[in-house]
Amino acid sequence: MQWSNTVAAYAQAYAEKTKGDCAMIYSTGPYGENIAAGYYPEFTGADAVKLWANEKPLYDHASNKCVGGECGHFTKMAWRSSVRLGCARVPCKPNSQFVVWNYDLPGNYIGEKPYDSWVSSKLRASATSQLLFQVTGRNALGGDAENQSRYFQPPNQETHDDGD
């Protein structure tokens, strides 16, 4: 998984549209997407990822189905063919934040599994976790007011840039 300035710009443009209402409505754009709203000012992109990762026990790989609840946010994060990522966070109501993560290629195709095996899911989760750590390690999607309505950049941007 690599950071994409193009995907991040898309995420930011969509997030800006939620500023007045925190509406939990997907953009229906060209990318895969997870959205979340946190109703406290410190809600970060990492907090959103934790919410989605908590769906993992609800996904049964053998049957490729959610069991006992929603798991589509988790499968979106783990989708094997998604290779680029862009994220944004904006304040959307007083003391509330809207977070969007977009994935290219989209994934969550009906009848397809997000990953081939437990091992590949662990490797995928590790790579995604590393990128998340790199990104959030710079106070991305959280913290100071300067960064609250701008898409965040990973460290060493030039090594993660998709050239757009």
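# Briefing: disulfides, rings and confidence

Cysteine 22 has a relative accessible area of 3%, so cysteine 22 is buried. Please keep in mind that the model you are looking at is a predicted one. Cysteine 22 forms a disulfide with cysteine 92, with 1.7 Å from S to S, and a search of the whole structure turns up 2 disulfides.

**Overall fold**

- The protein chain contains 5 helices and 6 strands.
- Read from the N terminus on, these elements follow the order β-α-β-α-β-β-α-β-β-α-α.
- The protein chain has 164 residues, and 45% of them are buried.

- A disulfide is a covalent bond between the sulfur atoms of two cysteines.
- Where do the two partners, cysteine 22 and cysteine 92, lie in the chain? Cysteine 22 is in the loop between helix 1 (5-16) and strand 2 (32-38), while cysteine 92 belongs to strand 5 (residues 84-93).
- The two cysteines are 70 residues apart, so this pair links distant parts of the chain.
- Is this disulfide right-handed or left-handed? The torsion about the S-S bond of cysteine 22 and cysteine 92 is about 80°, so the disulfide is right-handed.
- Cysteine 92 is buried, because its relative accessible area of 2% is under the 20% cut-off.

**The disulfide of cysteine 66 and cysteine 71, and one further cysteine**

- Cysteine 66 and cysteine 71 are joined by a disulfide with an S to S distance of 2.0 Å.
- The link of cysteine 66 and cysteine 71 is left-handed, with -80° about the S-S bond.
- Are the two partners buried or exposed? Cysteine 66 has 40% relative accessibility and therefore counts as partly exposed, whereas cysteine 71 is buried at a relative accessible area of 2%.
- When the bonded cysteines of the protein chain are numbered in sequence order, they pair as 1-4, 2-3.
- Cysteine 87 is also worth a look: its relative accessible area is 0%, so cysteine 87 is buried.

**Aromatic rings**

- A pair of aromatic rings is described by the distance of the centres and the angle of the planes.
- The model holds 8 aromatic pairs.
- In one of them, the rings of phenylalanine 74 and tyrosine 115 have centres 6.4 Å apart and planes at 80°, so this pair is edge-to-face.
- Phenylalanine 74 sits in helix 3 (residues 72-78) and tyrosine 115 in the loop between strand 6 (96-104) and helix 4 (118-136), so the pair ties together parts that are 41 residues apart in sequence.
- Phenylalanine 74 is buried at a relative accessible area of 8%, and tyrosine 115 counts as buried at 6% relative accessibility.
- Tyr59, Phe74 and Tyr115 are linked into a cluster by ring pairs.
- Arginine 80 places its charged end over the ring of tryptophan 79, at 5.4 Å from the ring centre.

**Backbone details**

- Aspartate 104 and leucine 105 are joined by a cis peptide bond, with omega at about 5°.
- Leucine 105 is located in the loop between strand 6 and helix 4.
- Asparagine 108 is found in the loop between strand 6 and helix 4 too, and has a positive phi of about 50° although it is not a glycine.
- Asparagine 108 counts as partly exposed, with 33% relative accessibility.
- Asparagine 95, a residue other than glycine, also has a positive phi, near 60°.
- The loop between strand 5 and strand 6 holds asparagine 95, which counts as exposed because its relative accessibility is 52% and the cut-off is over 50%.

**Confidence in the model**

- The mean pLDDT of the protein chain is 79, and 71% of the residues score at least 70.
- Which elements mark the two ends of the range in mean pLDDT, lowest and highest? Helix 5 (residues 157-160) has the lowest, at 34, and helix 1 the highest, at 97.
- Across residues 137-164 the pLDDT is below 50, and this stretch has 67 contacts in the model beyond near neighbours in sequence.

How values were computed
Residues numbered from 1 in each chain as written. Predicted model: local features only at pLDDT ≥ 70, side-chain atom pairs only at ≥ 80, totals over all residues. Heavy atoms only, no water. Helix = DSSP H or I, 4+ residues; strand = E, 2+ residues; numbered from the N terminus. Buried < 20%, exposed > 50% of the residue type's maximum accessible area, 1.4 Å probe, protein only. Disulfide = S-S within 2.5 Å. pLDDT = per-residue confidence, 0-100. Contact = heavy atoms within 4.5 Å. Phe/Tyr/Trp six-rings, centres within 6.5 Å; stacked < 30°, edge-to-face > 60°. Lys NZ or Arg CZ within 6 Å of the ring centre and 35° of its normal.
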